[in-house]
Amino acid sequence: MKGKTHVIGGLTAGLSVAYFTYTDPIILVSASVVGSLIPDICHSGSRLGKNLPILSRLINFVFGHRSFTHSLVFLILTAFLVDYFFPNDALKIGLLAGMISHYILDMGTKSGIQLFFPIDFKVKFPITTRTGSHAEKLIFSLLCLVSLYLAFQVFSLYIYTFINDFNISSALPSIIIHN
Ligand SMILES: [Zn+2]
């Protein structure tokens, strides 16, 4: 799948989690977009690979493409590292949601992913598509629609709560002055 499909997949995943959990949507959704790009660090032509070329080449050289960084082991390792260095639930849930969305999208491609790395077994859906195909464009468009709907739901509630809180707190001093 192309980088932009992964980004919109990560966005949809983050918004879905925020929609059901009411967890801080700004941190969660930003983290899920970043998380959706992390697994392709093993690919030097990817967005993240271009920004971190040495690390990307090193991972590709040691593990190959779509193996370690597309596995459950990497997912669990990321969760531990985030807990240790940046303990924040919204950040962790967002990153993992984005990464899982990446795995799911790549499982819809012919080459699949090595989900149970180091076991050399490719996991993919019974029906797959090719990168850049019409099916991928359709998936991209559907994900755009779903994320637009979810973004409206999640952020309208967030903005409403924010304005309400602001009104209450800014009203307090005037009440005190009048008394
Ligand atoms: Zn990938």
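## Helix H6

The expected span of a helix is 1.5 Å times one less than its number of residues. Helix H6 covers residues 89–107, and its 19 residues reach 27 Å from the first C-alpha to the last, close to the 27 Å expected. Helices here are DSSP runs (H or I, at least four residues), and strands are runs of E of at least two, numbered from the N terminus.

A residue is buried if 20 or more other C-beta atoms, placed from the backbone, lie within 10 Å of its own, exposed if 12 or fewer do, and partly exposed in between. In H6, 15 of the 19 residues are buried, so the helix is largely enclosed by the rest of the structure.

## Basis of the model

This is a predicted model, in which local features need pLDDT of at least 70, side-chain atom pairs count only at pLDDT 80 or more, and totals for chains, interfaces and linings use all residues. Residues are numbered from 1 along each chain as its sequence is written.

## Lys-122

Lys-122 lies in the loop between H6 and helix H7 (134–178). Lys-122 is partly exposed, with 15 other C-beta atoms within 10 Å. From Lys-122 to Ser-67 the C-alpha distance is 8.8 Å, although 55 residues separate them in sequence.

## Annotated regions

An unreviewed UniProt entry lists residues 67–87 and 138–163 as "transmembrane region"; such annotations may be inferred rather than shown by experiment, and the positions follow the numbering used here, with feature names shortened. Residues 67–87 are 67% helix and 0% strand, with end C-alpha atoms 27 Å apart. Residues 138–163 are 100% helix and 0% strand, and their end C-alpha atoms lie 37 Å apart.
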